[in-house]
Amino acid sequence: AKEDGRNSMKFFDPQMQANISARAVLEEELHLAVERQQFELYYQVQMSQDNIPLGAEALIRWNHPQRGLVSPLEFIPLAEQNGSIVEIGQWVLKTACRQLQAWQQHAATKELTLSINVSAKQFHQDSFVRKVRAAVNRFAINPRLLKLELTESLLLDNIENTIAKMRELSMLGIQFSLDDFGTGYSSLQYLKQLPLYQLKIDKSFVDDLVTDDSDQEIVRTIIAMAHSLGLSVIAEGVETEQQQLRLYNEGCTYYQGYLFGRPETLEAYELRVKKIHKA
Ligand code: C2E
Ligand code: CA
Ligand code: CA
Ligand code: CA
């Protein structure tokens, strides 16, 4: 029933119908997943130039009772569509702050930063600044250790309001990293208005950095841009030593990727940083 130009045949395709209801079930389950405590944060280490862990990015996982571990690539877009991302994002924020509070109690972990991903719907809520402030206060954390990863597209819609919110949060001490940098449309003109702390070079430029001259040129440009704006720069998706070396030679200061560690459970991440702290 594929090549029917004649309208809605495929609507009655039972397979298609099954997909639609499977999706509806998943959406419904997403709304319940927070209260059913099915989410978990994984931690992926972020390294500084001298191979010391700076902290981690928190990456959400959904422990689905039947499907097992579901990738955020699968459910975050759904959550953004059905609005459950607001509740999920709030869970991430609280869980991250609770974790920072626990890490503050131990010498080996008390300076570790934690980056969380913030989606557009979550950020653009009127109550977003208030919610972040409440979480920081409730867990009495050092706000400098909490980093928010925002995407270019998020920043571009309603820029005035976005800048105002970022300023308020910056005044609290919270730092912003611009995620997936280079894939959007940011101009220097507009970047310089934003109270950013860091640019994050998208994995797609790191992938072929060693073999593709234009990717090398792009990476060089991004790093130069970051430096001229006084921003720190981190590369994501670093998988090989050659990539790290290139990045290092171009002036990149922080790295994240499988070369250093995959996203891992809290226990595994804590073991990693404690080991390095002792060494
Ligand atoms: P992202 O923010 O760009 O996160 C980086 C993704 O690249 C992660 O995928 C990470 O596991 C993967 N990655 C990191 N290093 C490497 C590497 O060296 N090689 C390869 N092949 N992959 C690497 P993940 O965990 O599947 O997350 C996918 C996306 O889902 C994230 O992309 C982010 O946009 C979104 N996401 C994850 N957690 C959250 C969350 O708590 N809230 C929101 N709103 N979005 C989230
Ligand atoms: Ca991210
Ligand atoms: Ca990213
Ligand atoms: Ca990316």
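Reply: Helices α5 and α7 are roughly parallel to each other, a label given to angles under 35 degrees, with over 145 counting as roughly antiparallel, 65 to 115 as roughly perpendicular and the rest as oblique. Their axes come within 10 Å and cross at roughly 15 degrees, α5 spanning residues 128-138 and α7 residues 159-172. The axes are lines fitted to C-alpha atoms over the stretch in contact, and the angles run from 0 to 180 degrees between N-to-C directions. Helices here are DSSP runs of H or I with at least four residues, strands are runs of E with at least two, and both are numbered from the N terminus. The crossing of α5 past α7 is right-handed, meaning that the near helix is turned clockwise from the far one by less than a right angle.

On the α5 side the contact (heavy atoms within 4.5 Å) is made by F128, V129, V132 and R133, and on the α7 side by K165, E168, L169 and L172. Sorted by class, it has 5 nonpolar, no polar and 3 charged residues. Nonpolar covers Ala, Val, Leu, Ile, Met, Phe, Trp, Tyr, Cys and Pro, charged covers Asp, Glu, Lys and Arg, and the others, Gly among them, are polar.

This is a predicted model, in which local features need pLDDT of at least 70 and side-chain atom pairs pLDDT 80 or more, while totals for chains, interfaces and linings use all residues. Residues are numbered from 1 along each chain as its sequence is written, chains are lettered from A and ligands numbered from 1 in the order in which they are written, and side-chain values use heavy atoms, without hydrogens and water.

Within α5, V129 counts as buried at 7% relative accessibility; buried means under 20% relative accessible area, exposed over 50%, and partly exposed in between, with a 1.4 Å probe and protein chains only. Leaving aside neighbours within four places in sequence, V129 is in contact with K165, E168 and L169. V129 and E168 are 39 residues apart in sequence, yet their C-alpha atoms are 7.4 Å apart.

The loop between α5 and β5 (146-151) holds A140. Phi of A140 is positive, near 50 degrees, although the residue is not glycine. Most residues other than glycine have a negative phi. A140 is exposed, with a relative accessible area of 55%.
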